[in-house]
Amino acid sequence: MQFHHYGYVSENPRCLNAAGIGLNRPEELPDEMDVLIVGSGPAGMIAAAQLSMFPDVHTRIIERRPRRLELGQADGIQARSVETFQAFGFANEITDEAYRITEMSFWNQDPDKPENIIRTDRPLDDEFGISEFPHLIVNQARVLDYFAEFAQRSPSRLVPDYGWEFIDLQVTDEGEYPVAVQLKRVMPGQPEEIRTVRAKYVVGSDGGRSRVRDSIGRHLEGDQQNQAWGVMDVLADSDFPDIRTKCAIHSKAGSILHIPREGGYLFRMYVDLGMVPEGDHGTVRKTPLETVIKKANDILHPYYVDVKDVAWHSIYEVGHRLVDAFDDIDGDEGHPRVFLTGDACHTHSAKAGQGMNVSMQDGFNIGWKLGHVVDGRAPVDLLNTYHGERQPAAQNLINFDKEWSTLMATPLDQLENPDDIARFYVEAEEFAAGFLTEYADNLITGTTEHQDLATGFPVGRRFKSYRAMRRCDAHDLHIGHEHRADGRWRIYAFADAPAAGQPSKLTDWAEWLNSPESPVRAYTPADGDENAWFDVKVIYQQHHHDFEVTDAPEAFLPKVGPHKLKDLENVWSALPEENIFEARGISRDGAVVVVRPDQYVATVLPLTDTQGLADFFAPIFAGEKVETKN
């Protein structure tokens, strides 16, 4: 990581200098704010963490609980989420404390002894090397802790406002803060208080029973599968040989999805309780824990599980529902003021390990967009892309989860082939890992006209990192891991290293990038660093010994800090044996790859199409800020 460029730092360099609202942040919830986030679950916390990097945006996040979450229900962390954690600076830390899934065992009925189960398959968790990031299991509460630490150390010093319950809101046409939000103070030991605060925008991250959703007249639509499951996090003695391995278990008595938890001893079991009869009216949710434990032992036969301690347990019925819209606007009637994220807009089973992961991508998506709009760099049109991008992603998740949860609940005698479950798990790896989300052409995602220049970076898909050599210090690193959740756009130029005194497409492109016509010069604030809004990097085809970092064009050596120090970490080289040009299908004639703040590829262009780059950014940076480097 980079620091010292604003002066010597002797304490934790991850604690950034306070700026904007962080210089005098009100301790108590104020009457007015730019963005109010309701709910401090995964979607709300990542949105808050992203917005905390916009110090000119006054963001508050309220939570009904009096303190941090102590016991979270979600625990599965897909590789795309760990990739996102890398952008927020805590992927390594959370990986160290998490349980890492490396393979999955499938247990089915023994054909010779039908009352018993036997192991039938154990494929690798990432059979095809989809990601360099692992698949983890860790308590949701710890994920929220890491986002909270990030937000608190950010320039805006954002912290949750606990003990506030959302009651209702109204979107008005009044003044700068048109959303009137009614709240109730519910902090234990303090007098109850009802008050109204006003905001420019509200993000509803308040779960499946969202009051924010109700307040804007949105509804979850879908169906129940009438399938009940008991779930429990337990400490237990057991002779089951895969007690520390993720398992899908199908026996004569039913099904279990078994998931070891972090720490070496705790594990979770989703235990099939069978079909819910018509007219049950929630009676199944009163199933005693002892019944769930007995059912688990019946399914595991001839093995046993002797539960010693229960950290948490619940009964739930599988349902798949999707909200009719992710914001408060119908069609093209205007620009939204209220947004829904996470369980407030999509619900599904927990067994696919997708809920928290997809919810966090909701929050990441709306977080940077609100930051761009509220701080004046982008027009309000940007906010209209949220529903259009995240609603299809949620629908795809529900379609996937329906198939997976149905397979898990289907009795063995009704399956054409018991191996179908393992086969589906392997074939769906890339989707389950979170890497098949693809955004369609819109304001911030271009067309595929020049996709052939970088086939391994599909437009609309997340930027799939690869290793390269950072020239200044000869560090062999994943270039995508340098992408921080700082609200900046990434512009990667892939090309030959220019020879001294010789004409070069890259040299011409870099000179244009430093001209008044380029988006970097046109939109970077006059009082900001030269890389304040755009992180521009070059990746040469040549070996890193064949050129000097100081010979790179000035566009790749931006000046930062009060002393105008050159940032030397933007000049890279392809590795001889792991060549990024070959691995990602990059044209040897060169290419420009633009990546959004949330790590999705926005457009691919030839080096010669400078006008195309200018035209792409023009509508995105048509905000209110006018003082730029020009």
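This report covers the overall build of the protein chain and a few backbone details.

**Overall build**

The model is predicted. The protein chain folds into 14 helices and 27 strands. Its radius of gyration is 26 Å, close to the 25 Å given by the globule rule for 630 residues, so the chain is as compact as a globular protein of that length. Along the principal axes, the C-alpha atoms fill a box of roughly 80 × 60 × 50 Å.

Burial comes next. Of the 630 residues, 58% count as buried. The accessible surface of the chain is about 26,100 Å². Carbon and sulfur atoms account for 46% of that surface.

Contacts reach across the sequence. Take the contacts between residues at least 6 apart in sequence: 74% of them join residues at least 24 apart.

The charges can be summed up briefly. The protein chain has 62 positive and 101 negative charges.

**Domains**

The domain assignment gives domain 1, domain 2 and domain 3. Domain 1 is made of the segments 20-90, 138-221 and 321-406. Domain 2 is made of 101-133 and 225-318. Domain 3 is given as 451-621. The C-alpha centres of domain 2 and domain 3 lie 48 Å apart.

**Backbone details**

Most residues other than glycine have a negative phi, and most peptide bonds are trans. Some sites in this model depart from that pattern.

H301 and P302 are joined by a cis peptide bond, with omega at about 20 degrees. P302 sits in the loop between α6 (289-300) and β16 (305-323). The assignment places 225-318 in domain 2.

Two further sites involve phi. H4 is not a glycine, yet its phi is positive. A474 is not a glycine either, and its phi is also positive. The table sets out their values.

| Residue | Phi | Relative accessibility |
|---|---|---|
| H4 | about 80 degrees | 37% |
| A474 | about 55 degrees | 42% |

Where does H4 lie? H4 is found in the segment before β1 (32-38). A474 lies in the loop between β19 (467-470) and β20 (475-478).

Are these residues buried, partly exposed or exposed? Buried means under 20% relative accessible area, and exposed means over 50%. H4, at 37%, therefore counts as partly exposed. A474, at 42%, is partly exposed as well.

Terms used:
Residues numbered from 1 in each chain as written. Predicted model: local features only at pLDDT ≥ 70, side-chain atom pairs only at ≥ 80, totals over all residues. Heavy atoms only, no water. Helix = DSSP H or I, 4+ residues; strand = E, 2+ residues; numbered from the N terminus. Rg over C-alpha atoms; globule rule 2.2 N^0.38 Å. Buried < 20%, exposed > 50% of the residue type's maximum accessible area, 1.4 Å probe, protein only. Contact = heavy atoms within 4.5 Å. Areas by Shrake-Rupley, 256 points an atom, 1.4 Å probe, with all protein chains shown as cover. Lys, Arg positive; Asp, Glu negative; His and termini not counted. Charge placed at Lys NZ, Arg CZ, Asp CG, Glu CD. Domains from an automatic or database assignment.
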